[in-house]
Amino acid sequence: MQYIVDSAHLEEIRECVEFYPLDGVTTNPTIISKEHSDFVKLIKEIRAIIGAERMLHIQTTATTSEAIVKEAVALMEAVGGDFYIKVPISPEGLKATMALKRMGIKVTETAIFTPQQALIAAKAGASYIAPYVNRLDNIVSDGVHVVSEIVEMFKRYDIDCKVLAASFKNTEQIHKIAMVGAHAVTISPDLFKKLTYHPLTLYAIDDFQKDWESVYGDETVLDLLEEK
């Protein structure tokens with residue numbers, strides 16, 4: 001499964017690149033606006049941090065297919081690398097997706113809430129579709145189940161489109177999404193930290209350190225090797 005960070009905060013992205021096996025970054029207009037920064041400078045700095053090989057998903061703000069295509073081309077030229085234009089599901093969005101597919105520009109169809117939205121977006125040529133897990137949970141629609149149906153549908157029809165699950169509030173949701181076979185998740189920097197946290201892990205590390213120091217004191221493994 002691919003791990004993507006959902007953020008436009010440069011220091012948070014830099015930290016995720018340093019400490020986690022990061023596959024890319026997703027943004028949206030809400031995330032971008034929170035930074036109160038020059039938009040073009042910001043997206044170029046994100047690309048500089050993550051490098052050309054990692055995915056960068058940037059969402060269009062246009063509402064017509066012609067304008068979406070123009071924004072996609074301009075954004076791809078601005079950031080380069082492994083680029084995906086995020087397009088909210090709609091008739092205009094689908095028209096733009098079909099056009100972008102023909103042009104060789106990769107699309108992530110976002111704001112997905114039903115399996116049929118996912119299927120038609122994939123048929124239109126989307127490389128990823130992004131269902132919103134927690135937002136579905138909030139209206140008692142079971143986001144994990146919706147994602148599992150999308151994954152199964154793509155397998156049944158041998159559809160070349162990946163499921164990029166989004167909108168998470170806790171690690172349990174992420175775990176369940178992994179178990180139903182989603183191809184990727186995009187999560188906040190805070191959730192990256194929680195994925196690796198467990199109190200028993202901290203206790204075990206503390207025990208290892210105490211046992212080592214009871215015999216070798218402050219000397220490290222490297223110190224002992226260099227003494228030989």
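## Salt bridges

Arg14 pairs with Glu11 in a salt bridge, and their closest N and O atoms are 2.5 Å apart. This is a predicted model. Both residues belong to helix 1, which covers residues 10-19. They sit three residues apart there, so about one helical turn separates them. Arg14 is partly exposed, at 37% relative accessibility. Glu11 is partly exposed too, with a relative accessible area of 49%. Side chains of opposite charge can pair when their charged atoms come close.

Glu15 forms a salt bridge with Lys193, with 3.9 Å between the closest N and O atoms. Glu15 lies in helix 1, while Lys193 lies in helix 10 (residues 189-195), so this pair ties together parts that are 178 residues apart in sequence. Glu15 is partly exposed, at 31% relative accessible area. Lys193 is likewise partly exposed, at 40%.

Helix 9 (residues 171-179) holds both Lys176 and Glu172. These two form a salt bridge, and the closest N and O atoms are 3.7 Å apart. The two residues are four apart in that helix, so about one helical turn lies between them. Lys176 is partly exposed, with a relative accessible area of 41%. For Glu172 the value is also 41%, and it counts as partly exposed. How many salt bridges are there by this rule? The count comes to eight.

## Helix 5 and its surroundings

Helix 5 covers residues 91-103 and has 13 residues. From first C-alpha to last, helix 5 reaches 19 Å. That is close to the 18 Å expected at 1.5 Å a residue.

Which residues of helix 5 are buried? They are Gly93, Leu94, Ala96, Thr97, Ala99 and Leu100.

## Two buried loop residues

Thr60 sits in the loop between strand 3 (55-59) and helix 4. Is Thr60 buried or exposed? Its relative accessibility is 3%, so Thr60 counts as buried. Its side chain makes a polar contact of 2.6 Å with the side chain of Glu71. Leaving aside residues up to four places away in sequence, Thr60 touches Ile68, Glu71, Ile85, Lys86, Val87 and Pro88.

Ala126 is found in the loop between helix 6 and strand 6. Ala126 is buried, with a relative accessible area of 2%. What does Ala126 touch, not counting residues up to four places away in sequence? Its contacts are Thr97, Val107, Glu109, Ala121, Asp160 and Cys161. One of these, Thr97, is among the buried residues of helix 5. Ser7 lies 22 Å from Ala126 in space, C-alpha to C-alpha. In sequence, Ser7 and Ala126 are 119 residues apart.

## Aromatic pairs

By this rule there are five aromatic pairs. One is formed by Tyr84 and Tyr128. Their ring centres are 5.3 Å apart, and their planes meet at 80 degrees. Planes over 60 degrees apart count as edge-to-face, so this pair is edge-to-face.

Tyr84 lies in strand 4, and Tyr128 lies in strand 6 (residues 128-131). The pair therefore ties together parts that are 44 residues apart in sequence. Tyr84 and Tyr128 are both buried. Elsewhere, Tyr3, Tyr20 and Phe192 make up one aromatic cluster.

## Cysteines

How many disulfides does a search of the whole structure find? It finds zero. Cys16 is buried, with 2% relative accessible area. Cys161 is buried as well, at 4% relative accessibility. Cys161 is also one of the residues that Ala126 touches.

Conventions: Residues are numbered from 1 along each chain as its sequence is written. This is a predicted model: local features need pLDDT of at least 70, side-chain atom pairs count only at pLDDT 80 or more; totals for chains, interfaces and linings use all residues. Side-chain values use heavy atoms; hydrogens and water are left out. A salt bridge is a side-chain nitrogen of Lys or Arg within 4 Å of a carboxyl oxygen of Asp or Glu. Buried means under 20% relative accessible area, exposed over 50%, partly exposed in between (1.4 Å probe, protein chains only). The expected span of a helix is 1.5 Å times one less than its number of residues. A disulfide is a pair of cysteine sulfur atoms within 2.5 Å. A polar contact is a pair of N or O atoms within 3.5 Å; within protein, one must be able to donate a hydrogen and the other to accept it, and residues adjacent in sequence count only if both atoms are side-chain atoms. Contact means heavy atoms within 4.5 Å. Rings of Phe, Tyr and Trp (its six-membered ring) pair if their centres lie within 6.5 Å; planes under 30 degrees apart count as stacked, over 60 as edge-to-face and the rest as tilted.
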